[in-house]
Amino acid sequence: DYHVWIVIGDGEMQEGAIWEAAMAGAKWKLDNLTVILDRNRLQNDDFVDDTMPIDPVPDKWRAFNWNIIEIDGHNMEEVVSGLEKAKTVKGIPTIIIAHTIKGKGVSFMENVAVWHGKAPSDEETQQALEEISQQIGR
């Protein structure tokens, strides 16, 4: 009667514990388990490919006997649809690969690794909010 949702990032996929859990999920046919991967290609302070490449992501999870759903993580219709589809899969766990852009919509933050762990100043926060507001028409 329940569903378990787990959110991971690209950098976490470089760790062995993720793959041990992936094997266990498939072994026990945990169809009430969904992993959501924030696939923004950045980790702590660098691009994932410069630290330890993880591609091909879908093929790796498929090899571990998981159902694969790929979405645009910035499109809420796709996000909701992916979450709903995941709950209908029987016999195997699901991973939703949400393709995203870190800092999307903020000119000085988009795809810039330093913002992974750095808080913006008050002035930068104001600029970011203004840029995002303009994009959503507010």
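1. In which loop is Asn65 found? Asn65 is in the loop between helix 3 and strand 5 (67-72); helices (H or I, at least four residues) and strands (E, at least two) are DSSP runs, numbered from the N terminus. Asn65 has a positive phi of about 65°, although it is not a glycine.

2. On provenance, the model is predicted: local features need pLDDT of at least 70, side-chain atom pairs count only at pLDDT 80 or more, and totals for chains, interfaces and linings use all residues. Residues are numbered from 1 along each chain as its sequence is written, and side-chain values use heavy atoms, with hydrogens and water left out.

3. Arg41 lies in the loop between strand 2 and strand 3 (42-43) and, while not a glycine, has a positive phi of about 65°. Most residues other than glycine have a negative phi, and most peptide bonds are trans. At 36% relative accessibility, Arg41 is partly exposed (buried is under 20% relative accessible area, exposed over 50%, partly exposed in between; 1.4 Å probe, protein chains only).

4. Arg39, in strand 2 (residues 33-39), is buried, with a relative accessible area of 3%. Among the residues that Arg39 touches are Asp10, Asp55 and His99, not counting residues up to four places away in sequence (contact means heavy atoms within 4.5 Å).

5. The peptide bond from Asp55 to Pro56 is cis, with omega near 0°. Pro56 is placed in the loop between helix 2 (48-51) and helix 3 (57-63).

6. Just after helix 5, Gly137 takes a positive phi of about 75°.
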